[in-house]
Amino acid sequence: MVDEALSAGAVARRLGVAVTTLRTWHQRYGLGPSEHIPGHHRRYTQSDLARLEIMRRLTAEGVSPAEAARWARQAPDPTPNGTGTVAPARILPAGRDGGGSIPVGRAGPAARGLARAAMRLDAAAISETIAHTLAASGVVATWEGLLRPVLAGIGERHAATAGLIEVEHLMSRCVSEALAAASRANVPTGPARILLSCADEEQHTLPLEALAAALAEAGVSYRMLGARVPVAALVEAVNRTGPAAVVLWSHTRATADPTQLSALLAAPRRPLLVLAAGPGWRADTLPAGVVRPVDLAEAVSLSAAVRDSLDQSRRD
């Protein structure tokens, strides 16, 4: 049986939006009721409802209302053969895959543009956007305002859909290449006072690469050990190079074993500062003497300060 056409109030309740929102979408974007019976208020059909659901879902995910409305209007009629029954398959904007859009929270237009380029797998646009922002704003601002929101959004969407693996891989490669180029453009002079390492079995290196690029931009020399460094190898590197500070990155609780930090504190050439960086670490599990920076800027500031302190003590 054909479903009955719906009033604005009924549609608003189904979608979980206000009636005034429906009126705005109708007046501004043409997503209004299509069934008209002379002498009666217009009613929403099941096709109207399906397109409004696309509008609601995309705007909730951070897509601008104008763009979401364009996708909703272009969606195929979900009620074939006049059945009045919405097809169970998800209706997606042209050129999109099953992951939907990438949410970037309150990040600005550049992040939204980068997210769209990532969804298109447009490596050239991704690289150009990152390079432009790095040149204009520097590493820390680019990481916090552009790269981190988009990478986090990809992670959110993957967790919800198990999709976007290809987007994550391409985006990660472009980010890594851009950060490496930024590091090469600002090669500091002097001995490497900061040692950067991922925790044992930790494979997420991009935040550590961002720190490396930010240190280079600040004129602080560093050594990068990279992903999955066993604690014995890390301690050996510390004893061989005598860094002023060690930054140990952990992205997940599974890799944030505090005994790795304790091993650094017990090393024969103990560094002046041990930084436990990343969301994997819990503040209440950190050994005494370990500092957990709140963000990239603080990690750069602390590293530079301890480098300067060591250099000054050696001059004295």
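Once neighbours within four places in sequence are set aside, Glu-202 is in contact with Ala-227, Arg-228, Trp-249, Ser-250, His-251, Thr-252 and Thr-255. The model is a predicted one. Glu-202 sits in the loop between β1 (194-198) and α9 (206-217).

**Glu-202 and its surroundings**

- Glu-202 has a relative accessibility of 2% and therefore counts as buried, the limit being under 20%.
- Trp-249, one of the contacts of Glu-202, is 47 residues away along the chain, yet the two C-alpha atoms are separated by 7.8 Å.
- Glu-201 lies in the loop between β1 and α9, and Glu-202 is placed in that loop as well.
- Glu-201 is partly exposed, with a relative accessible area of 45%, whereas Glu-202 is buried.
- The phi angle of Glu-201 is near 70°, which is a positive value in a residue other than glycine.
- Arg-228, another residue in contact with Glu-202, is found in the loop between β2 (222-226) and α10.
- Arg-228 also has a positive phi, near 50°, and is likewise a residue other than glycine.
- With a relative accessibility of 42%, Arg-228 counts as partly exposed.

**The protein as a whole**

- The protein has twelve helices and five strands.
- It consists of 316 residues, of which 47% count as buried.
- Among contacts with a separation of 6 or more, 68% are accounted for by residues 24 or more positions apart.
- The accessible surface comes to about 15,700 Å², and carbon and sulfur atoms hold 53% of that area.

**Helix α1 and its partners**

- Helix α1 covers residues 8-15, and its buried residues include Ala-10, Val-11, Ala-12 and Leu-15.
- These buried residues pack against two helices, α2 (19-29) and α3 (46-60).
- Just after α1 comes Gly-16, which takes a positive phi of about 75°.
- The axes of α1 and α3 come within 11 Å and cross at roughly 40°.
- The two helices are therefore oblique to each other, since an angle has to be under 35 degrees to count as roughly parallel.
- The crossing of α1 past α3 is right-handed.
- On the α1 side the contact is made by Val-11, Arg-14 and Leu-15, and on the α3 side by Gln-46, Leu-49, Leu-52, Glu-53 and Arg-56.
- Sorted by class, the contact of α1 with α3 holds four nonpolar, one polar and three charged residues.

**Helices α10 and α11**

- Helix α10 spans residues 231-241 and helix α11 spans residues 258-265; their axes come within 10 Å and cross at roughly 25°.
- That angle is under 35 degrees, so α10 and α11 are roughly parallel to each other.
- α10 passes α11 in a right-handed crossing.
- Val-231, Leu-234, Val-235 and Val-238 of α10 meet Gln-260, Ala-263 and Leu-264 of α11.
- By class, this contact has six nonpolar residues, one polar residue and no charged residues.
- Val-235, a residue of helix α10, is buried with a relative accessible area of 16%.
- Beyond residues up to four places away in sequence, Val-235 touches Ala-263 and Ala-267.
- Val-235 and Leu-261 are 26 residues apart in sequence, and their C-alpha atoms are 9.9 Å apart in space.

**Ile-130 in helix α6**

- Ile-130 has its place in helix α6, which runs over residues 123-137.
- Ile-130 has 0% relative accessibility and so counts as buried.
- Neighbours within four places in sequence aside, Ile-130 is in contact with Leu-114, Thr-142, Leu-146, Leu-147, Cys-174, Val-175 and Ala-178.
- Thr-142, one of these contacts, is twelve residues from Ile-130 in sequence and 7.5 Å from it in space, C-alpha to C-alpha.

Note on methods:
Residues numbered from 1 in each chain as written. Predicted model: local features only at pLDDT ≥ 70, side-chain atom pairs only at ≥ 80, totals over all residues. Heavy atoms only, no water. Axes fitted to C-alpha atoms, helices over the stretch in contact; angles between N-to-C directions. Helix = DSSP H or I, 4+ residues; strand = E, 2+ residues; numbered from the N terminus. Parallel < 35°, antiparallel > 145°, perpendicular 65-115°, else oblique. Left-handed = near helix turned anticlockwise from the far one by under 90°. Contact = heavy atoms within 4.5 Å. Nonpolar A, V, L, I, M, F, W, Y, C, P; charged D, E, K, R; others polar. Buried < 20%, exposed > 50% of the residue type's maximum accessible area, 1.4 Å probe, protein only. Areas by Shrake-Rupley, 256 points an atom, 1.4 Å probe, with all protein chains shown as cover.
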